[in-house]
Protein chains: 2
Amino acid sequence: MKRIAIDMDEVITHFSTSCLELFNKEFDENYTTEDLQGKLLVELDARFADTVDSYLANDSFFLDLKVIKDSQNVIQKLSSYYEIYIVTAAMEFPASLAPKYQWLKQHFSFLDDKKFVFCGDKSIIHADYLIDDTPSHLDTFSGQGILFTAPHNRDITGYTRLNNWQEVAAYFLNL
Amino acid sequence: MKRIAIDMDEVITHFSTSCLELFNKEFDENYTTEDLQGKLLVELDARFADTVDSYLANDSFFLDLKVIKDSQNVIQKLSSYYEIYIVTAAMEFPASLAPKYQWLKQHFSFLDDKKFVFCGDKSIIHADYLIDDTPSHLDTFSGQGILFTAPHNRDITGYTRLNNWQEVAAYFLNL
């Protein structure tokens, strides 16, 4: 059985959307996901550099993240044909470790928690595929990297790109 | 640069020693590491099955673990010649995630936390070597597994075995 490693933030969780909501509330702004096209949060507004860490320091930030459309049912289907690992870069925010685990148990309860991996550098991952929104993780991965479309990576080329979970299903299940 | 993945419990931390100390206190026993030779905790005394989880549920259990002799200076030397990853099975006790991270930052501050990996199944690890006290982790690892001697694995054969950190230094640094 081939093995697919799947990132969390921006792939199965609406990470930047939550950051925008908190930022808008704090600074009385009205940024939307549309404003983030082709940009990282800090490129949209430099004040994010000083504020994001404070949002992430709160357990409820991770616990409240919304699930990306179709990720649950597509991953459940994939798990009949592939070994599924959830692989998230969590070491930059160690306080996220426990809430990320709880979030996965809540929203992806059908997955085996022995296949959750919290790491930093994803070159350590031994899998056939990695679905990730961050090009630098795909660059060091030893298998086939797949760029999952997120607002910030819209203009990046040179990767196999899948835009949403229906496209992931079609790619892996030959639909 | 070749890559060495290193387990935590019983390889760089005195995990079972701490369990014995807490158990002896709770049940007025006098078990020592010598009693654990060739046995898991639960094989030494069936009451461990009901008590170990309560010890681990306390953050201070992980924070207070003692460092195994010579592991710090040998790993520091190895890190000049090899990429060092710390790879620990933490998903069975999610409450251990944050304190394990803190322990590593405290006792192995020279290591890059982007190279800490908290996982379940270690077959996901892409490295040249894995130093681990648990044979089942070595069995599914794709690189060269090395059994680090711990009381419970004393009688197990069929693996490349290193008994202490001086032997690890000799093996990897051709001393």
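This is a predicted model: local features need pLDDT of at least 70, side-chain atom pairs count only at pLDDT 80 or more; totals for chains, interfaces and linings use all residues.
**Stop 1**

Show chains A and B in two colours. A rotation of 180° superposes chain A on chain B, with 0.0 Å of shift along the axis and an RMSD of 0.0 Å. That is the relation of a two-fold axis. The two copies use the same surface: 100% of the contact residues of chain A recur in chain B.

**Stop 2: the interface**

Now select the residues where the chains meet. On chain A there are 22 residues in contact with 22 residues of chain B. Two elements of chain A, α6 (97-107) and β3 (116-119), each supply at least two residues of the side that touches chain B. Which element gives the largest share of that side? Select β3(A): the largest share, 4 residues, comes from there. Then colour the side of chain A that touches chain B by residue class. You will find 14 nonpolar, 4 polar and 4 charged residues.

**Stop 3**

Select A:Glu10. Find this residue in the loop between β1 (3-6) and α1 (15-27) of chain A. Check the backbone: A:Glu10 has a positive phi of about 75°, although it is not a glycine. Most residues other than glycine have a negative phi. Is A:Glu10 buried or exposed? A:Glu10 counts as buried, because it has 20 C-beta neighbours inside 10 Å, and 20 or more is the cut-off for that label.

Jump to chain B and select B:Glu10. This residue sits in the loop between β1 (3-6) and α1 (15-27) of chain B. Its phi is positive, about 75°, and B:Glu10 is not a glycine. B:Glu10 also counts as buried, with 20 C-beta neighbours inside 10 Å.

**Stop 4: helix α5 of chain A**

Select α5(A) and show side chains. Start with A:Ser71, A:Val74 and A:Ile75, which are buried. Look down the helix axis. Those residues cover an arc of only 95° around the axis, so they lie on the same side of α5(A). What do the buried residues of α5(A) pack against? Their partners are β1, β2 (83-89) and α8 of chain A.

**Stop 5: α5 against α8, chain A**

Helix α5 (residues 71-78) and helix α8 (residues 165-173) of chain A pack at an angle of about 10°, and their axes are 9 Å apart. The angle makes α5(A) roughly parallel to α8(A), because angles under 35 degrees count as such.

From α5(A), pick A:Ser71, A:Val74, A:Lys77 and A:Leu78. From α8(A), pick A:Trp165, A:Val168, A:Ala169, A:Phe172 and A:Leu173. By class, this contact of α5(A) with α8(A) has 7 nonpolar, 1 polar and 1 charged residue.

**Stop 6: the helix pair in chain B**

Switch to chain B. The axes of helix α5 (residues 71-78) and helix α8 (residues 165-173) of chain B come within 9 Å and cross at roughly 10°. That makes α5(B) roughly parallel to α8(B). On α5(B), the contact is made by B:Ser71, B:Val74, B:Lys77 and B:Leu78. On α8(B), select B:Trp165, B:Val168, B:Ala169, B:Phe172 and B:Leu173. The contact of α5(B) with α8(B) divides into 7 nonpolar, 1 polar and 1 charged residue.

**Stop 7: A:Leu111**

Back to chain A. Select A:Leu111, in the loop between α6 and β3. A:Leu111 is partly exposed, with 18 other C-beta atoms within 10 Å. Which residues does A:Leu111 touch, leaving out those up to four places away in sequence? Show A:Ile84, A:Ile86 and A:Leu104. Then draw a distance to A:Gly158. The two C-alpha atoms are separated by 31 Å, and A:Leu111 and A:Gly158 are 47 residues apart along the chain.

**Stop 8: two helix residues**

Select A:Asp59, found in helix α4 (residues 59-63) of chain A. A:Asp59 is partly exposed, with 14 other C-beta atoms within 10 Å.

End on B:Gln102, in helix α6 (residues 97-107) of chain B. B:Gln102 is partly exposed, with 14 other C-beta atoms within 10 Å. From B:Gln102 to B:Arg47 the C-alpha atoms are separated by 29 Å, and the two residues are 55 residues apart along the chain.

Definitions and conventions. Residues are numbered from 1 along each chain as its sequence is written. Chains are lettered from A and ligands numbered from 1 in the order in which they are written. A residue is buried if 20 or more other C-beta atoms lie within 10 Å of its own, exposed if 12 or fewer, and partly exposed in between; C-beta atoms are placed from the backbone. Axes are lines fitted to C-alpha atoms, for helices over the stretch in contact, and angles run from 0 to 180 degrees between N-to-C directions. Angles under 35 degrees count as roughly parallel, over 145 as roughly antiparallel, 65 to 115 as roughly perpendicular and the rest as oblique. Two residues are in contact if their C-beta atoms, placed from the backbone, lie within 7 Å. Ala, Val, Leu, Ile, Met, Phe, Trp, Tyr, Cys and Pro count as nonpolar, Asp, Glu, Lys and Arg as charged, and the others, Gly among them, as polar. Copies are superposed by least squares on the C-alpha atoms of residues with pLDDT of at least 70 in both. The arc is that of the directions from the helix axis to the C-beta atoms.
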